[in-house]
Amino acid sequence: MDNQASELLEKIRQQYETSPYPRTPLEQSPKDDFNSLYIHNLVTSYYLRYQKVIDTEGKVILDAGCGSGWKSLILAEANPGAKIVGIDISEESVKLAQQRLKFHGFDNVEFHAISIYDLPSLGQEFDYINNDNMNYYTRFIGC
Ligand SMILES: C[S@@+](CC[C@H](N)C(=O)[O-])C[C@H]1O[C@@H](n2cnc3c(N)ncnc32)[C@H](O)[C@@H]1O
């Protein structure tokens, strides 16, 4: 990554460090948000692609650019038994995400304050990658 791209990434980090996104209250549950649960369910994507129904138990799901963890929570609710791994460059966002998942009783989760560029450092493989609302930035800095 060149200097200009690093500076831009640092500015993005600082922005989300002071204003983690989304501001959805910690205690809010997506359990009745059927559309979001449907969209973030591995079974849906897998069925659309392979016309097979899979079991979400034991699957590993990456939430890249997880922010304050609202989508990570939806992923956890929508995929029973799956492990959720969230990453984000903003430490504050990651802390909120950790608190959110804990509050809702999910312990098969891990969050890391790292950039998507450093993903290989986790040494993990994923069955499914969720990347909501981060594409603009990754495109802009040439990912
Ligand atoms: C608009 S928020 C989206 C949060 C969440 N995905 C959602 O849809 O609710 C974008 C997030 O991407 C993170 N982000 C931006 N560039 C990143 C990068 N290169 N690696 C990891 N996270 C990044 C930001 O810190 C921010 O929390």
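The model is predicted, so local features need pLDDT of at least 70 and side-chain atom pairs count only at pLDDT 80 or more, whereas totals for chains, interfaces and linings use all residues. Residues are numbered from 1 along each chain as its sequence is written, and side-chain values use heavy atoms, with hydrogens and water left out.

**Ligand site**

- The ligand is surrounded by 17 residues (a residue counts if one of its heavy atoms lies within 4 Å), and the closest are Gly65, Asp88, Ile116, Asp132 and Asn133.
- Among the polar contacts (pairs of N or O atoms within 3.5 Å), a ligand nitrogen atom lies 2.8 Å from a polar backbone atom of Asp132, and a ligand oxygen atom lies 2.8 Å from an N or O atom in the side chain of Asn133.
- Taken alone, the ligand exposes 600 Å², of which the protein buries 97% (Shrake-Rupley method, 1.4 Å probe).

**Strands and crossovers**

- Strand E2 (residues 83–87) has four of its five residues buried, where buried means under 20% relative accessible area with a 1.4 Å probe, protein chains only; strands are DSSP runs of at least two residues and helices of at least four.
- E2 runs parallel to strand E1 (residues 60–64), joined by five bridges, with Asp63 partnered by Gly86; pairing requires at least two DSSP bridges.
- E2 also pairs in the parallel sense with strand E3 (residues 109–112) over four bridges, and Glu110 is the bridge partner of Val85.
- A right-handed β-α-β unit is formed by E1, helix H4 (residues 70–78) and E2, and another right-handed unit by E2, helix H5 (residues 91–103) and E3; right-handed means that, with the strands pointing away from the viewer, the path from the first strand over the helix to the second runs clockwise.

How values were computed. Polar contact = N/O pair within 3.5 Å; in protein donor to acceptor, adjacent residues only side chain to side chain. Buried < 20%, exposed > 50% of the residue type's maximum accessible area, 1.4 Å probe, protein only.
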